[in-house]
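Welcome, and please have a look at the model below. The notes after it are meant to be read with the structure open beside them.

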There are 2 protein chains.
Amino acid sequence: MVRTPLTPWERQRGERFGAILRRARGDRSMVEVAAAAGVSAETLRKIETGRAPTPAFFTVAALASALGMSLDELAAACASGAGDEGRALSA
Amino acid sequence: MVRTPLTPWERQRGERFGAILRRARGDRSMVEVAAAAGVSAETLRKIETGRAPTPAFFTVAALASALGMSLDELAAACASGAGDEGRALSA
DNA sequence: CCGTGCCGTTATATTAATACCGGTATAAGA
DNA sequence: TCTTATACCGGTATTAATATAACGGCACGG
């Protein structure tokens, strides 16, 4: 009953996700993008650094809108590259 | 202070969001779609009924994939119908 | 009539997301 | 040098997401 703790694979996915957002942000400041998306700068920072590996959907949607990105390409980008190889061994 | 409670507007958005997913599910069962997406049926139910108004991004991505929907159109669909006031997203 | 199974719901438990605060470091500018 | 702005980090507080478990409804078959 218990909200399974995030797996290492999920955390790595979060890191890739954050890296993608950081690249997309370019030279714009965190506070500017965060304000444009309507989220706090701390939240954006945690997402970018991978410390919030599974952010809320609408948070991501707002950030993608502020960054001019497609949600589908965003999901595809962080899924590719680790979708199947990193989580094979669990036992 | 911390983690601002969800506004009524956000909850209504969650209800619209869930209704869209429920329509997209059609006559398929909750358990089937949830299993296809890799989430628990209870989670899908809460999202569909609006009791989980701000689901995680990757949860939504998995559900959209299982339902054959685009994330962008999904976000746009639940934004339309309430996006009349200049409203910054949060949470 | 009574199990058996499936589905949706309700209740509970635990983790994680979000926000705020203070502090540190670095670089640019007055 | 001092100030300012940005980014990063740690901790704390509170709410919400998610999973598990238990509950009732509804079919079907014995």
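What follows covers the fold, the contact between the chains, and the nonpolar core.

Please keep in mind that this is a predicted model. Let us begin with chain A on its own. Its secondary structure amounts to five helices and zero strands, giving the pattern α-α-α-α-α when read along the sequence. Chain A has 91 residues, and 31% of them count as buried. If you take the contacts in chain A between residues at least 6 apart in sequence, 69% link residues at least 24 apart.

Now for the place where the chains meet. Chain A contributes 16 residues to the contact and chain B contributes 15 residues. On the side of chain A that touches chain B, the elements giving two or more residues are helix H4 (57–67) and helix H5 (71–79) of chain A. The largest share of that side, six residues, belongs to H4(A). Sorted by class, the side of chain A that touches chain B looks like this:

| Class | Residues on the side of chain A that touches chain B |
|---|---|
| Nonpolar | eleven residues |
| Polar | four residues |
| Charged | one residue |

Helix H4(A) turns up again in the core. Which residues have the most contacts inside the largest nonpolar core? They are Ala61(A), Leu63(A), Leu71(A) and Leu71(B), in a core of 39 residues. H4(A) gives the most to this core, with eight residues.

Note on methods
Residues numbered from 1 in each chain as written. Chains lettered and ligands numbered in written order. Predicted model: local features only at pLDDT ≥ 70, side-chain atom pairs only at ≥ 80, totals over all residues. Contact = placed C-beta atoms within 7 Å. Helix = DSSP H or I, 4+ residues; strand = E, 2+ residues; numbered from the N terminus. Nonpolar A, V, L, I, M, F, W, Y, C, P; charged D, E, K, R; others polar. Core = buried A, V, L, I, M, F, W, Y, C linked by C-beta atoms within 7 Å. Buried ≥ 20, exposed ≤ 12 C-beta atoms within 10 Å, placed from the backbone.
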